[in-house]
Amino acid sequence: MNHQEMNLNIRLDPNTEMWDSIIPEIYREMDGWLGFGTEETKGRINLPHWFSFDEKEKHICASVEAGGIHFSGLMEDEEWENWKKKIKKIATENFGFSIGEIELGEG
């Protein structure tokens, strides 16, 4: 397994509908969804997680940064590429505009 990262062009917006309904719905549609971190997840309170809360196991977590939503995790390259394609597709459908990786000039 390898360390993986990406930043999607979904920027912090005060629009509460986006953060209260659209983003959580996108997260729930993704493979491996576990939920948002709690006190038991060692400082990862309210951060979304997929597959595991343990950073030593296959996992993905996300955080909102100034430039967009940052995803990082540990998983096999092929599975990561498929997961990325799926979240971009689902997010694009939900937002109605192209969602992509900032570093790749997508979106």
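Me: What makes a residue of the protein chain buried, and what percentage of the 107 residues is buried?

Reply: Buried residues make up 42% of the 107 residues in the protein chain. The term means under 20% relative accessible area, with exposed over 50% and partly exposed in between (1.4 Å probe, protein chains only). This is a predicted model, in which local features need pLDDT of at least 70 and side-chain atom pairs count only at pLDDT 80 or more, while totals for chains, interfaces and linings use all residues. Residues are numbered from 1 along each chain as its sequence is written, and side-chain values use heavy atoms, with hydrogens and water left out.

Me: What makes up the secondary structure of the protein chain?

Reply: It comes to 2 helices and 5 strands. These are DSSP runs numbered from the N terminus (helices H or I, at least four residues; strands E, at least two). From the N terminus on, the order is β-α-β-β-β-β-α.

Me: Which strands pair with E4?

Reply: Pairing requires at least two DSSP bridges between two strands. Strand E3 (residues 48–50) is joined to E4 by 2 bridges, and the two run antiparallel. A hairpin through 2 residues links E4 to E5.

Me: What makes the largest nonpolar core a core, and which of its residues touch the most other members?

Reply: Such a core is a set of buried Ala, Val, Leu, Ile, Met, Phe, Trp, Tyr and Cys residues joined through side-chain atoms within 4.5 Å. The largest has 22 residues, of which Ile10, Trp50, Phe71, Trp83, Ile87 and Phe95 touch the most other members. Strand E1 (2–8), helix H1 (16–29), E4, E5 and helix H2 (77–95) each supply at least two of its residues. H2 gives the most, with 6 residues.

Me: Which residues is isoleucine 87 in contact with, leaving aside its neighbours within four places in sequence?

Reply: Contact means heavy atoms within 4.5 Å. By that rule isoleucine 87 is in contact with Met6, Leu8, Ile26, Met30 and Phe71.

Me: How do you know whether the radius of gyration agrees with that of a compact globule?

Reply: The radius is taken over C-alpha atoms, and the globule rule is 2.2 Å times the number of residues to the power 0.38. For 107 residues a compact globule would be near 13 Å; the protein chain has 13 Å, so the two agree.
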